[in-house]
Amino acid sequence: ILSYSEIIHNKKIYKKLKIWYDFFINFRKGEETIELLEKGIYYSELTNGAFDISIAPLSELWDFKNNPGKVPSANDIRDALSHVSYENIIIEGNKVTLLDSDMAIDLGGIAKGYMADQLKDYLLSEGVESALIDLGGNILAVGSKPDNSNYTIGIKKPFEDDEMISTESINDISVVTSGCYERYFKISDTLYHHILDTKTGY
């Protein structure tokens, strides 16, 4: 298993990891970007739009990262939803066209998983047989522990800082979670959170 300090001092691995970090921070254009978009469209189709990478107009409207507790108006939500449709994303070679000039793409629901897969492939190519990749809510096990036992991953209980609701024993697979308890606000008895419904806008 590579520790953080070992990665930092392994210049070759650190450089590769930094390249991938920079790629996702700066959203560089290229084959990787197209591949990521294609995967996003695939999962959008698979879920009939329940997961939709064109949800940006809606997620930006709610802006849960900075929103102090203001619910958008019904008209604003309807307007944002009118610009959410993965079917309006056209990919031809390395060219991406958005058929609606007011639409935008949000890869937040898929980018971490894609990045973890790429990092795993690279670590395997460098001879790393045991590792845990932790990207915050996305845990990917590269193989098993050095003693061939499984990794144990704790699943946090919502709204409880120090309590686990479950554990998962994993070997060479991912555990991915997303919850309503990280980015949200509450008005009276109604909880509004960042996992938005593409049908209703809430």
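Okay, let's start with G201, a glycine that touches L58, W62, I77, L81 and L196, leaving aside residues up to four places away in sequence. So, buried or exposed? G201 is buried, because its relative accessible area is 0%, and buried means under 20%. In the chain, G201 comes in the segment after β9, and β9 covers 190-193.

Just so everyone knows, what you're looking at is a predicted model.

Let me zoom out for a second. The protein chain has six helices and nine strands. It has 202 residues, and 35% of them count as buried. If you take the contacts between residues at least 6 apart in sequence, 51% of those join residues at least 24 apart. And the surface: the chain exposes about 12,700 Å², with carbon and sulfur atoms supplying 48% of that.

Now to a sheet. As a reminder, strands of a sheet pair through backbone hydrogen bonds, either parallel or antiparallel. Here we've got an open sheet of three strands, in the order β3-β4-β7, and the pairing is antiparallel.

Look at β4, residues 138-142: three bridges join β4 to β7.

Side chains of opposite charge can pair when their charged atoms come close. How many salt bridges do we count here? We get three.

One of them is D172 with K120, where the closest N and O atoms are 3.0 Å apart. This pair links distant parts of the chain: D172 is in the loop between β6 and β7, K120 is in helix α6, and they're 52 residues apart. K120 is buried, with a relative accessible area of 15%, while D172 counts as partly exposed at 37%.

Another is E182 with K156, at 3.8 Å from N to O. Again, distant parts of the chain are linked: E182 sits in the loop between β7 and β8, K156 belongs to strand β5, and 26 residues separate them. E182 is exposed at 52% relative accessible area, and K156 is partly exposed at 28%.

Then we have K157 and E163, whose side chains meet at 3.6 Å, N to O. Both ends are partly exposed, K157 at 30% and E163 at 37%.

Last stop, around helix α3. Y42, Y43 and L46 make a nonpolar surface patch of about 330 Å². L46 is found in α3, residues 31-46, and L46 counts as exposed because its relative accessibility is 55%, and exposed means over 50%.

Past that, in the loop between α3 and α4, you'll find N48. Its phi is near 55°, a positive value in a residue other than glycine, and N48 is exposed, at 60%. D63 also has a positive phi, near 45°. D63 lies in the loop between α4 and α5, and counts as partly exposed at 31%.

Key: Residues are numbered from 1 along each chain as its sequence is written. This is a predicted model: local features need pLDDT of at least 70, side-chain atom pairs count only at pLDDT 80 or more; totals for chains, interfaces and linings use all residues. Side-chain values use heavy atoms; hydrogens and water are left out. Two strands pair if DSSP finds at least two bridges between them. Helices (H or I, at least four residues) and strands (E, at least two) are DSSP runs, numbered from the N terminus. Patches are made of residues with over 30% relative accessible area and no salt bridge: like charges are joined within 9 Å, nonpolar side chains (Val, Leu, Ile, Met, Phe, Trp, Tyr) within 5 Å. Accessible areas come from the Shrake-Rupley method with a 1.4 Å probe; for residues, only the protein chains shown count as cover. A salt bridge is a side-chain nitrogen of Lys or Arg within 4 Å of a carboxyl oxygen of Asp or Glu. Buried means under 20% relative accessible area, exposed over 50%, partly exposed in between (1.4 Å probe, protein chains only). Contact means heavy atoms within 4.5 Å.
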